[in-house]
Amino acid sequence: MTTADQIVPIDGEEGIVSARQLARDVARTLGFGTVDQSRIATAVSELARNVVHYATEGRGEVRIRQFTVDGGGAGIEVVVADAGPGIADVDEVLQRGFTSGAGLGMGLPATRRLMDEMEIDTALGRGTTITVRKWRR
Amino acid sequence: MARVPIVRVGPVLISTLLSGLLDQEVLQLQEELMDSIEQSGARGVLLDISTVETVDTFLGRLLADIAAGARLMGAHTVVVGLQPAVAVTLVEMGLEFKAVHVALNAEKGWALLRRLLAP
């Protein structure tokens, strides 16, 4: 079961700030503590910046929702999607220091360390969708 | 732009970063700080980030770059006011600011700068 998605369109650097602020607000509403709010907002900032730097025309969107599972457990799920060039080698971008462009090569490795789960769905020429989740303890 | 003012107090330049800065605005601050050091001969830089809620790899790297650039121009940089949650997040990301002077707050940062600038 999930609540309604909240969506932030990414179209420039302003979108990075808006997306991470919304992620923090939703995390706070869901009862995450300040350290988890920081982890989540920072991860969303990394993913949104990737869209600005690497997606076609820097466009994409960030969807934020609560998730709950039967038998207890809940958390926040963030889906960052673009219709950009896609990632040729996912293992490569998860290595610290690898970059194909202007970035530092730290964004995705950092995101994986800050969140509990990360899934990357990508295909060359079709775009990239990255889903991350953080469980509320 | 120029959303981040730079104030000069004696030999020290002081800037307070706010939450919600755009990447371009941080890059502009870096450039303006370097220009200010050149023009004023400042020997210290105090960067207050106590109201910054999110320090991602971009901002973390920029703060380290500012400190490194200032050092090459003869100025020490102290970053002050890291929020506890920000500190935890930075360490988990592997950004530990090892080459950057840090202090708990502006007062302690000012005291640290005075020691660093002492003849």
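User: What should I know about the model and its numbering?
Analyst: It's a predicted model, where local features need pLDDT of at least 70, side-chain atom pairs count only at pLDDT 80 or more, and totals for chains, interfaces and linings use all residues. Residues are numbered from 1 along each chain as its sequence is written, while chains are lettered from A and ligands numbered from 1 in the order in which they are written.

User: What makes A:Glu57 count as exposed?
Analyst: A:Glu57 has 11 C-beta neighbours inside 10 Å, so exposed is the word. You'll find A:Glu57 in the loop between helix 2 and strand 2 of chain A. Helices (H or I, at least four residues) and strands (E, at least two) are DSSP runs, numbered from the N terminus.

User: Why is B:Phe97 called partly exposed?
Analyst: B:Phe97 has 17 other C-beta atoms within 10 Å, so it gets the in-between label. B:Phe97 sits in the loop between helix 3 (84-93) and strand 5 (101-103) of chain B.

User: What is the phi of each of these residues?
Analyst: Most residues other than glycine have a negative phi. A:Glu57, though, has a positive phi near 60°, and B:Phe97 has a positive one of about 55°.

User: How do you know that strand 2 and strand 3 of chain A pair?
Analyst: Two strands pair if DSSP finds at least two bridges between them. Eight bridges join strand 2 (residues 59-68) to strand 3 (residues 74-82) of chain A, and the two run antiparallel. They belong to an open sheet of five strands in chain A, with the order 1-2-3-5-4.

User: What makes strand 1 and strand 4 of chain A edge strands?
Analyst: Strand 1 (6-11) and strand 4 (117-123) of chain A each pair on one side only.

User: How many residues make the contact between chain A and chain B?
Analyst: Chain A gives 21 residues and chain B gives 16 residues; two residues are in contact if their C-beta atoms, placed from the backbone, lie within 7 Å. Helix 2 of chain A gives the most to chain A's side, with ten residues.

How values were computed:
Buried ≥ 20, exposed ≤ 12 C-beta atoms within 10 Å, placed from the backbone.
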